[in-house]
Amino acid sequence: MYRSGRDLLLCKPPRLRAGNGDLRVSEVEEFTTEACRIVRALDRASLPIQGPPGSGKTTSGAEIIHDLVRCGKKVGVCATGHEVIHLLLSKIIAGPNGDKIRCLHKCDRGSYEGDGIATASDNKMPIKRLKSDLVDVVGATAWMWCRPEYADSVDVLVFDEAGQMSLADVLAASPAARDIILIGDPQQLPRPQKGSHPEEAELSALEHLLVDREFKKVKIMPPELGLFMPKTRRLHPRVCEFTSEVFYESKLHPISFTANRTLSGHRLFDKPGLYFIPVDHQGNCNYSPQEVEVIARIVESLLKPDVKWFYGAGNSAQLKREEDILIVAPYNAQVSDLGIRLPGMKVGTVDKFQGQEAPVVICSLTTSSPEDAPRGMEFLYSLNRFNVATSRAMSNVIVVGNPKLFEPECKSPRQMQLANALCRYLELATVVEVPRV
């Protein structure tokens, strides 16, 4: 194991070369400018970067890689899936002078071709091109980077969506580079679980860093261990107030431009922020026809021509069915019913929408009561999933559900913690009744 991987395992602070300052990010400078300075100064170290919703994790990652290539460095990109890798490579070549950066994506033959990024289907070509100085950036999963021939093959290895990548995978791939950078957000969707693991063994690389010496999880990256991106370019201040308080220790702040994003012309949702629509029902587990009908009426009212979406600087447009409203439900059965009732709409679980955004997000809680939840409170009240669902919204979050869900009989401190986020949402939300047709 190389020094950067060892430091990550032991939760050591990033080591910077003498005379290059420290990890403190100046309030005057742009975050990415400061992050590039820190990355250039790394000395066989690991640098974690936590980026909350709308903070521009992928864009910042691309700009950091741009800076490294300008400095003559070879860079590797690693993630759990090829879509994440390809998105970051696409951001790199789309940036200023990005067409001059030679990118290669090691993936299955024919998977990602025709968009300016070279591809390779075997493990031999990437290492040959790196050794021959024919490529600047190579993207691949940990399966390639952990191979013995890739040891010391790049100067810096960037792990994207590191909040979903296991610590073991990161450690296995880390010998490929002198320095490693981990970009992601452990407060959003965790990595997919397969099988059962001993306590703490299931943590992702970034979650591993958020467990303190008393084995208590903190919500944001400790300043001595890494960087936290404190500004969101997505969330309206009224939405950000909830997200920041509940999930990021009140350290996340919206840029001033987001205050201009609002709806106009709707009788119920004219102001940006949080809304709750109570719908009474009994015995519903993983689907709720009552909530489907209420959501259908909400969508119909939002798509009327007199409802305008102001996205800043006086610019406005009518909400578009295909892209401006996201509808989220916890269970596939409810997603299916909503998709049938609302063809052409973006409907899915939070797993489908991580990384996306829209002016309006509608969340169906579906289950009638905590006791009816088919996968228990841990899933229905999941902090990570509720964070992702509500933080897709640029202006309005509309939660539809049974009021009984706000009255759970908690039997442990963990259950109280889970219920707290939903209850805090209700405290900050405007409760409105959707009239029947």
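Trainee: Why is Arg-178 called partly exposed?

Mentor: In this predicted model, Arg-178 has a relative accessible area of 36%, and partly exposed is the class between buried, under 20%, and exposed, over 50%, so Arg-178 counts as partly exposed.

Trainee: What makes Asp-43 count as buried?

Mentor: Asp-43 has a relative accessibility of 18%, and the limit for buried is under 20%, so Asp-43 falls in the buried class.

Trainee: What makes Asp-136 and Arg-102 a salt bridge?

Mentor: Their closest N and O atoms are 3.0 Å apart, and the cut-off is 4 Å, so the pair qualifies. Asp-136 belongs to the loop between helix H5 (124-131) and strand S5 (137-139), and Arg-102 to the loop between helix H4 (82-94) and strand S3 (103-106), so the contact ties together parts that are 34 residues apart in sequence. As for accessibility, Asp-136 counts as buried at 10%, whereas Arg-102, at 34%, counts as partly exposed.

Trainee: Is Asp-7 buried or exposed, and how do you know?

Mentor: Asp-7 has 1% relative accessibility, so under the 20% limit it counts as buried. Asp-7 forms a salt bridge with Arg-6, with the closest N and O atoms 3.4 Å apart, and Arg-6, at 39% relative accessibility, counts as partly exposed.

Trainee: Turning to the sheet, why are strands S12 and S18 called a pair?

Mentor: Strand S12 (residues 273-278) and strand S18 (residues 393-401) are joined in the parallel sense over 6 bridges, and pairing asks for at least two bridges, so they count as a pair. Within that pairing, Leu-274 has Val-397 of S18 as its bridge partner. Helix H9 (residues 237-247) packs on the sheet, where it touches S12 and S18, and its direction makes about 80 degrees with that of S12. Helix H15 (residues 413-428) also packs on the sheet, touching S12, S18 and S19, at about 100 degrees to the direction of S12.

Trainee: And what makes S12 and S19 a pair?

Mentor: Here the count is 2 bridges in the parallel sense, and at least two are required, so this pairing meets the criterion as well. In it, Tyr-275 stands opposite Thr-430 of S19. The open sheet has 6 strands in the order S16-S15-S17-S18-S12-S19, with parallel pairing, and S16 (346-348) and S19 (430-431) are called edge strands, as each pairs on one side only.

Trainee: Why is S12 described as largely enclosed by the rest of the structure?

Mentor: In S12, 6 of the 6 residues are buried, so the description follows from the accessibility of its residues.

Trainee: Which residues have the most contacts inside the largest nonpolar core?

Mentor: They are Phe-247, Tyr-381, Phe-386, Val-399 and Tyr-425, in a core of 42 residues. Leaving out residues up to four places away in sequence, Phe-247 touches Gln-187, Lys-219, Phe-242, Leu-383, Phe-386, Asn-387 and Ala-421. Another core, of 34 residues, lies apart from it and includes Leu-23, Ala-35, Ala-41 and Ile-183.

Trainee: Why is His-66 called buried?

Mentor: His-66 has 8% relative accessibility, and buried means under 20%, so the label applies. His-66 is found in helix H3 (residues 57-70), and, setting aside neighbours within four places in sequence, is in contact with Ile-92, Gly-95, Pro-96, Asn-97, Gly-98 and Ile-101.

Technical notes: Residues are numbered from 1 along each chain as its sequence is written. This is a predicted model: local features need pLDDT of at least 70, side-chain atom pairs count only at pLDDT 80 or more; totals for chains, interfaces and linings use all residues. Side-chain values use heavy atoms; hydrogens and water are left out. Helices (H or I, at least four residues) and strands (E, at least two) are DSSP runs, numbered from the N terminus. Contact means heavy atoms within 4.5 Å. Axes are lines fitted to C-alpha atoms, for helices over the stretch in contact, and angles run from 0 to 180 degrees between N-to-C directions. A nonpolar core is a set of buried Ala, Val, Leu, Ile, Met, Phe, Trp, Tyr and Cys residues joined through side-chain atoms within 4.5 Å. Buried means under 20% relative accessible area, exposed over 50%, partly exposed in between (1.4 Å probe, protein chains only). A salt bridge is a side-chain nitrogen of Lys or Arg within 4 Å of a carboxyl oxygen of Asp or Glu.
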